[in-house]
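Hi there,

Here is the structure I promised to pass on. Have a look at it, and my notes follow just below.

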Amino acid sequence: MVKTYADFMNELSPDELYKGLLAHGLFAEKLPPIFTSENFFNYCEGMGQAFERKDYKYVYYENMRNINIPRPLGIPVPMGYQRLCACLRDNWAALQAHFVAQTQAQNHKVSRIHIRKMSEKPFIFEMNYSNWRVDGSPEPDMIIGKKYIVSADISNCFPSIYTHSLPWALVGKEAAKNDRSKTQWFNQIDTCSQQVKHGETHGLLIGPHSSNILSEIILTVVDKNLTDKGWEFIRCIDDYTCYVESCEKAQQFLSELGAELRSFDLSLNHKKTKISLLPTAAVEQWVRKINAIEIRLTNGVVNYKSVRAYLDNVLELMQANREDGAILKYAIKVLSKQPLTQNAKELCIKTFMHLAIIYPYLVPLLEDNIFAQFPPEKAIVESFSKKVLEEALHTNNYEAAAFALYFAIRYDLILNFTAQQAIDSKDCIFMTIADLYFKDKGNTLEAKALKNYAKGLRDSDFEEYWIFAYEALTYGLLKGDWKRMKQQDISFIKPICKIAL
C-alpha cells in the first residue's frame with residue numbers, strides 16, 4: 001500500500017528516531033566502512049549526566065563527486081551530536097505534527113528521500129533509497145497533458161540553511177522573531193543545530209542523518225506553498241522536478257520556487273536549472289541509452305567480447321555527456337550483477353581499476369562491485385592500491401588515499417608511505433586509517449609518530465581531529481568526557497574483517 005509522507009514520519013517513535021540518528025547516523029555513508037557510533041549510543045544510554053551545553057567544532061572531510069569536484073562533509077563531535085539527537089527526540093511529537101500539517105494536502109509524496117523505518121536495516125536514512133510499492137510512482141500520472149519538464153535545485157542547500165529559519169518554518173517567521181526564548185522547543189532545535197557546527201547560524205553539516213530532518217523542516221513548507229498553488233512536482237533532497245503545460249508555466253514555476261526559497265534565505269542554482277521538452281526529457285537520455293546497450297548471453301554467461309563492447313559503448317556515452325561519472329557508476333553496478341566468463345571478469349577488474357585511477361570517485365565502489373563479485377588476485381589489488389595511494393598523495397585526494405589504506409588492512413597488503421605524509425595531509429580520516437594501518441602491520445615507530453602528533457592536538461585542534469586523536473591516544477592522555485569514554489573502552493572504529501585473496 002502506498003504511504004503518505006506523514007505515514008513514514010508517524011511510524012517512528014521518539015526512541016526509534018533517537019537510536020537511528022545517534023547509533024547509525026553520525027558518520028556519512030561515503031566514508032570508508034570502518035566507523036560506528038553504536039558503542040557511543042550504548043554509552044549514552046547508561047550515562048547518568050548530560051553532556052556539556054556548548055559550541056563544538058567538527059571534522060571536515062571531502063568526498064569526491066561524479067564530476068571530480070569534492071563535496072564537503074562534516075563529522076560532528078559526538079557529544080554535540082547526541083544533544084541534537086536528544087533534542088529532536090524530545091520534540092518529535094511536535095515535529096511529526098509539523099510534517100503532517102505541511103504534507104497532508106499532497107496528492108502524492110512530494111519528498112522522495114527522507115528518514116523512515118527500513119526493513120532489516122538499523123539506520124533510518126539512506127541516500128537514493130526508494131521502494132515503489134510504498135513510495136508510489138507519481139510521475140506517470142503527473143506527466144499526462146504536460147509538454148515540459150523543469151529541473152532545478154537549491155544552490156549549496158545544506159551549507160546555506162540558516163538555523164534561525166528552522167523556527168520560522170515551525171511556527172512562522174513573525175512568531176519566531178517575537179519569541180526568542182531559549183526554553184521554546186523550536187529555539188532549542190535552532191540552538192542545538194548551531195552547537196554541532198561551532199555556534200554558526202549558517203549551514204548544516206553534510207553527512208549526519210540529522211541534517212536530513214532539519215532540511216525537511218524547511219523544505220516541506222516550501223513544498224506545501226507550491227502545492228497550494230497547484231504545481232505538480234517531486235523533490236529529491238534539494239532537486240526539484242516539475243511537469244508543466246507550457247514554457248511560460250515552466251518559467252512561472254521557477255519564479256515562484258525562487259520566491260519561496262528566498263523566504264528562507266535560500267536560492268536556486270541557476271547553472272543547474274533546465275527546461276526541457278517532453279517526452280524525451282522525462283528520463284535522462286544517457287539512462288535510456290545505457291539500458292539499450294545489449295549485454296549478450298552465450299550459454300548462460302557474458303563473454304569477453306560482449307563486455308568489451310558494453311564498456312566501449314559506456315565510455316563513448318560518458319564522453320558525449322561531459323564526462324558524467326554517474327554513467328560509469330551505473331555501468332559498474334550493472335556488470336557486477338552479470339554472470340561473466342573468467343576472461344570477462346578479468347577485463348572488468350582491470351578496466352575499472354584503470355578507470356578508478358583516472359576517476360577516483362570510483363574507488364569506493366570497487367570493494368562491493370568488483371572485489372566481492374569477481375575476486376582478483378592479491379597482487380593485482382596490491383598493485384592497484386599502491387597506484388591509488390601514490391596518485392592520491394600527489395593530488396591531495398585524501399579520500400582515495402584513505403580507501404587505499406582500508407584495502408591494505410582488509411586484504412593484508414603492504415603499501416609504502418610514512419606517518420609524516422599522513423600528518424602533512426592534515427586530513428583526519430586519512431590519519432585515522434594510517435594509524436590503524438601501522439598498528440595492523442606492527443610498525444610501532446610510525447604509529448608512535450602519529451600518537452605524538454595526536455598529543456599535540458589536545459590543547460588546540462582536538463575537536464577538528466577528534467576521531468584520530470581520540471582513537472590514537474590512551475585514556476590517561478585525554479580529558480573530561482573523552483577520558484571517561486575511553487575508560488569504558490568506547491571506540492568509533494569497527495574491527496576490519498580480513499579477507500584472503
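**What I found**

The chain's secondary structure amounts to 25 helices and six strands (DSSP runs numbered from the N terminus, with H or I over at least four residues for helices and E over at least two for strands). Please keep in mind that this is a predicted model, where local features need pLDDT of at least 70 and side-chain atom pairs count only at pLDDT 80 or more, while totals for chains, interfaces and linings use all residues. Residues are numbered from 1 along each chain as its sequence is written, and side-chain values use heavy atoms, leaving out hydrogens and water.

On overall shape, the C-alpha trace spans about 65 × 65 × 40 Å along its principal axes.

Of the 501 residues, 53% are buried (under 20% relative accessible area; exposed is over 50% and partly exposed in between, with a 1.4 Å probe and protein chains only). Among contacts between residues at least 6 apart in sequence, 71% join residues at least 24 apart (contact means heavy atoms within 4.5 Å).

Ser255 counts as partly exposed because its relative accessible area is 46%. Its C-alpha atom is separated by 9.7 Å from that of Leu268, 13 residues apart along the chain.

Best wishes
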